Amino acid sequence: MSFSIPERSTLKGPNFIRAVFERGAGIPGFISFGIGNPAPEAIPVKAIQDAFDKLVHENPMLLLQYGPMQGDAHLAEQTLHRLVNTHHMNSDGQSLLISVGAGQLLGLVPRTVCEPGDEVYMDAYTFTSGINAVRNTGAIAKGIAMDEFGMIPEALDEAVKSGKGKYVYLIPNFQNPTGITMPLERRKAIYEVASKHDLFIYEDDPYGEIRFAGDYVPTFKSFDTENRVLYAGSYSKTLSAGLRVGFMFGPKEVVDVIQVLKNNCDGQMPLVTQRVVSTVLDNVSYDEQIEEVRRVYKMKWDAMYETFQQYASSKVHITVPTGGMFAWMTMPEDVDCDAFFEACMEHKVGIVPSGAFAADGIPNGRAFRLSYTVPTVETIKEGMKILGELTVQFCGK
């Protein structure tokens with residue numbers, strides 16, 4: 001029997017991230033700045049072990065039966081409390097959905113609201129899964145020009161004139177892949193464009209708690225006076241990625257429909273992981289845990305940036321993130337970036353070409369994403385020295 005698979009189900013860009021990982025996996029001494037995993041030493045292992053032990057031994061039947069479709073009530077209460085009291089979001093008319101990490105939401109949102117041919121607007125370079133999830137519904141991922149502050153409002157306003165727009169997808173804090181944080185003035189300008197054209201905003205904020213420099217910038221959701229922002233967050237970057245617990249907070253009439261689609265796809269969320277997260281939040285200071293994550297990431301970013309400044313070509317630009325997990329290195333226009341990438345691989349240093357994150361399918365571009373979270377400080381310095389010296393070879397001092 002032969003199977004016919006719709007083209008929309010197979011639309012995706014090149015997986016440069018996996019290619020870097022697979023090529024480096026068999027190379028002894030390979031240093032990867034390519035994988036965007038949380039730092040192992042920032043995961044509260046003992047607190048998570050204690051939570052598992054408590055839950056399994058005190059009342060295992062609570063974990064071994066079906067649970068509520070909408071997620072664990074206590075975890076939802078804890079999450080909502082932080083959104084309202086720490087991030088100053090208004091809960092009136094809103095609903096909260098617990099998800100399998102924030103990543104599950106990337107697929108649920110376009111499947112809920114998009115028809116084939118609809119347009120979703122996103123940064124020219126953004127999270128790969130966000131791009132592919134839109135394409136797989138038959139909708140069109142439209143990359144919008146960026147500057148050092150993120151998406152350009154005027155470029156968004158022009159693109160929306162097609163009349164096909166559904167929503168704007170943004171990672172406003174420590175954006176993946178560029179590390180850019182959108183300032184408040186730019187956020188308000190983007191919100192005005194969305195209001196003008198009656199689009200909603202999908203605010204994807206998995207890194208938002210991991211600020212290690214600069215001032216806090218209010219979320220889109222905190223000044224959402226028109227009920228047009230869906231806010232997505234996650235415990236993956238602050239507690240554990242492997243537990244896969246995220247959430248979405250937004251207008252009840254939209255979130256409840258997303259919840260129904262989720263129920264039809266996977267039923268309930270695993271109770272074990274939800275209650276582990278909830279138990280950890282009950283028994284440790286979440287603020288102190290986040291401060292530890294920030295300390296580790298700042299230490300590693302400082303090592304990356306200081307080594308880059310010491311060894312890299314002055315013609316190469318790198319963003320200076322104030323939090324999160326990524327930086328964006330841009331090469332001069334006359335440099336053969338394919339050759340530079342291969343030279344890095346030959347010297348056992350893995351970086352990810354910008355083409356992996358191009359919403360409009362740009363083959364490569366002139367930039368590379370660097371992640372500083374997984375390697376040790378010593379390994380970061382070693383790898384960045386090699387990388388910096390290669391930039392001088394290709395670009396001059």
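This is a predicted model: local features need pLDDT of at least 70, side-chain atom pairs count only at pLDDT 80 or more; totals for chains, interfaces and linings use all residues.

Trainee: What makes E9 largely enclosed by the rest of the structure?

Mentor: Buried means under 20% relative accessible area. In E9, 6 of the 6 residues are buried, so the strand counts as largely enclosed. As for the two sides, side chains in a regular strand alternate between the two faces of the sheet.

Trainee: How do you know which strands pair with E9, and in which sense?

Mentor: Pairing takes at least two bridges. Strand E8 (residues 200-204) is joined to E9 by 4 bridges, and the two run parallel. Asp-204 stands opposite Ala-232 there. E10 also has 4 bridges to E9, but in the antiparallel sense, with Tyr-231 opposite Phe-249.

Trainee: On to helix H9, residues 252-266. How do you know that its span agrees with what a helix should give?

Mentor: At 1.5 Å a residue, its 15 residues should span 21 Å, and the end C-alpha atoms of H9 are 21 Å apart, so the two agree. Just after H9, Gly-267 takes a positive phi of about 65°.

Trainee: Why do we say that the buried residues of H9 line one face?

Mentor: The buried ones are Val-255, Ile-258, Gln-259 and Lys-262. Seen down the axis of H9, they fall within an arc of 105°, so they line one face. An α-helix has 3.6 residues a turn, so residues three or four places apart point the same way.

Trainee: What covers that side of H9, and what sits on the face turned away?

Mentor: The cover includes strand E2 (94-99), helix H5 (103-113), strand E9 (229-234) and strand E10 (246-251). The face turned away carries Glu-253 and Asn-264, both exposed.

Trainee: Last one: Thr-373 is in the loop between strand E15 and helix H13. Why is Thr-373 called buried?

Mentor: Its relative accessible area is 0%, so with the cut-off at under 20%, Thr-373 is buried. Among the residues Thr-373 touches are Ile-35, Pro-38, Tyr-297 and Met-325.

Trainee: What makes the pairing of its side chain with Ser-371 a polar contact?

Mentor: The limit is 3.5 Å between N or O atoms. The side chains of Thr-373 and Ser-371 come in at 3.3 Å. A polar atom of the Thr-373 side chain also lies 2.5 Å from the backbone oxygen of Asn-37.

Technical notes:
Residues are numbered from 1 along each chain as its sequence is written. Side-chain values use heavy atoms; hydrogens and water are left out. The expected span of a helix is 1.5 Å times one less than its number of residues. Buried means under 20% relative accessible area, exposed over 50%, partly exposed in between (1.4 Å probe, protein chains only). The arc is that of the directions from the helix axis to the C-beta atoms. Contact means heavy atoms within 4.5 Å. A polar contact is a pair of N or O atoms within 3.5 Å; within protein, one must be able to donate a hydrogen and the other to accept it, and residues adjacent in sequence count only if both atoms are side-chain atoms.
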